[in-house]
Amino acid sequence: MAALYLVFESASGYALFHAYGLDEIGQNTEAVRNCVLDLTRFGKVVKLVAFTPFASALDALNQCNAISEGIMTDELRNFLEINLPKVKDAKKAKFSVGVAEPKVGSQISEVTKIPCQCNEFVLELLRGVRLHFDRFIKDLKPTDLEKAQLGLGHSYSRAKVKFNVNRVDNMVIQAIFLLDTLDKDINTFSMRVREWYSWHFPELVKIINDNYLYAKVAKFVENKSELTEDHIPALEDIVGDEDKAKEIVEAAKASMGQDLSPIDLINVQQFAQRVMNLSEYRKKLYDYLVTKMNDIAPNLASLIGEVVGARLISHAGSLSNLAKCPASTLQILGAEKALFRALKTRGNTPKYGLIFHSSFIGRASARNKGRLARYLANKCSIASRIDCFSETNTTVFGEKLREQVEERLDFYDKGVAPRKNLDVMKAAIESVVNNGSLEADEGGKKEVSEKKIKKKKSKAEAVDDDVQMEDGIVEPETEKKKKKKNKVEQQEQTVNGVNGHETEQNGTSSKKKKKNREQVEDSDAQVGKKKKKRTKTEDDE
């Protein structure tokens with residue numbers, strides 16, 4: 001049986017163990033599991049061969065990152081090559097190495113040609129090594145190992161959060177959650193302002209419907225008894241309509257509301273100002289969300305809109321999670337309760353979830369809503385995958401996919417045949433490539449302009465030389481000109497030879513054609529004679 005070595009990656013360094021006493025406990029996972037807790041039995045099975053500590057905390061972090069990504073570092077390779085038995089060329093190794101990470105094992109076997117294995121038996125042995133690791137190394141204290149594990153754990157987690165690919169998605173998720181919360185709060189507070197100020201000026205509710213404008217007018221008017229016609233221009237600036245401003249002034253004169261004390265009016269004013277501030281902040285947050293979505297998922301935003309796209313990303317958890325979802329899952333994302341209720345009661349499953357808020361579903365007829373939702377989910381899935389995995393930041397694919405959805409709407413309503421997906425994607429890829437080449441051309445324009453300037457200078461110098469060679473003075477022939485003349489003469493000779501060869505071939509071909517015609521005529525004549533003979537014999541009979 002081949003010997004088994006175990007590679008253990010601890011927080012303090014790499015360790016190599018030799019599992020030499022497997023015959024005593026048996027070579028199955030149950031036997032190893034039973035002897036793991038007992039150090040005296042487990043110590044007879046496994047012994048330490050070598051241990052190399054990490055140079056520093058940064059080195060430990062780099063080694064940990066490499067192991068988690070399935071990469072064998074140079075330090076690990078040197079450690080294995082030094083401490084493992086050497087294998088002769090063109091011969092199989094008489095041992096194998098047990099590892100905890102299958103990806104690391106495959107890379108070790110590819111690079112060093114050492115056979116590796118990762119199974120339940122090896123994992124149980126490594127579990128025992130991890131449990132009694134501080135006992136195998138004499139100079140290592142349990143507290144030191146705990147401190148190393150704690151420090152490495154913190155630094156590894158910090159590095160993962162710092163280099164998280166999906167960390168940008170978190171901003172979109174938080175922004176869309178805050179936007180939905182602000183919408184609810186602004187509606188609640190606006191209704192409170194209307195109800196509160198209506199005790200003083202009830203007629204204003206019917207004149208102004210918008211919540212933001214109502215809070216603005218309530219803050220401006222304050223006391224209705226002090227409102228005069230001199231305030232009409234200022235009211236017109238707020239409301240945007242002269243007739244409404246006059247109507248507000250007239251309603252204030254004949255208002256049925258009760259009078260409020262100055263302290264009550266101050267409180268109403270302050271609350272109206274808070275509502276206005278929240279509304280203005282909501283607009284800024286929406287602009288921030290639009291810019292973020294154009295940076296993170298430009299194709300999804302151009303296809304379905306920034307808000308709906310952000311809701312899909314937040315519901316999935318991240319852009320990468322959304323890209324992993326199939327189109328059927330993306331279609332009903334947000335309608336999970338309705339789906340499970342339908343499965344439980346054996347009713348009709350939902351046709352759409354968050355995708356329903358898209359303008360395309362609203363424009364489709366009731367009969368075609370489900371079909372269009374399925375088609376739109378398919379295109380959203382494509383757009384999210386392009387945004388997640390493409391390196392170039394472009395909206396070309398999203399615009400082309402939006403055109404396809406528009407064509408599908410026309411197909412459902414008017415019967416106009418849409419373009420094929422292959423043709424649309426080819427056009428999108430060509431436009432992206434052309435845009436990239438244009439950017440490259442802009443970068444190379446400077447080099448071209450410099451080359452042109454150099455050419456112009458050389459031409460100017462040549463013109464000056466020609467001017468000096470005028471007045472009957474013949475220019476001396478240079479070696480380049482002689483070579484050019486020789487090349488031209490050789491080309492003329494070859495052309496003439498080719499033409500002559502072509503004429504010969506034409507002559508021979510014409511002769512062959514004449515011979516073929518004569519043979520065909522002779523064969524036709526013979527056939528005619530045979531037919532005449534047959535007719536004569538039939539008449540004689």
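Before the first selection, a term is needed: two strands pair if DSSP finds at least two bridges between them. Strands (E, at least two residues) and helices (H or I, at least four residues) are DSSP runs, numbered from the N terminus. This is a predicted model, in which local features need pLDDT of at least 70 and side-chain atom pairs count only at pLDDT 80 or more, while totals for chains, interfaces and linings use all residues. Residues are numbered from 1 along each chain as its sequence is written, and side-chain values use heavy atoms, with hydrogens and water left out.

**First stop: the sheet**

Select the five strands of the open sheet, whose order is S3-S2-S1-S4-S5 and whose pairing is mixed. S3 and S5 are the edge strands, each pairing on one side only.

Now select strand S1 (3–9) together with S2, and you will find them paired in the antiparallel sense over six bridges, with a hairpin of three residues joining S1 to S2. Within this pair, leucine 6 stands opposite phenylalanine 17 in S2. On the other partner of leucine 6, look in S4, where its bridge partner is glycine 98; S1 and S4 run parallel and are joined by four bridges.

Stay with S2 (residues 13–19), where seven of the seven residues are buried (under 20% relative accessible area, with a 1.4 Å probe and protein chains only), so the strand is largely enclosed by the rest of the structure.

S4 and S5 (residues 116–117) run parallel and are joined by two bridges, and in S5 the bridge partner of valine 97 is cysteine 116.

**Second stop: the largest pocket**

Which residues lie nearest the centre of the largest pocket? Select Glu9, Ser10, Ala11, Cys64 and Ile67, which hold that place in a lining of 20 residues. A pocket here is an open set of points on a 1 Å grid over the protein atoms alone, where a 1.4 Å probe fits and protein lies on both sides within 12 Å along at least five of seven lines, and lining residues have an atom within 4 Å of a point. Helix H4 (57–68) gives the most to the lining, with five residues.

Finally, select Ile304 and Leu376, the residues with the most contacts inside the largest nonpolar core, which has 47 residues. Such a core is a set of buried Ala, Val, Leu, Ile, Met, Phe, Trp, Tyr and Cys residues joined through side-chain atoms within 4.5 Å. Helix H22 (residues 369–389) gives the most to this core, with eight residues.

Terms used: Buried means under 20% relative accessible area, exposed over 50%, partly exposed in between (1.4 Å probe, protein chains only).
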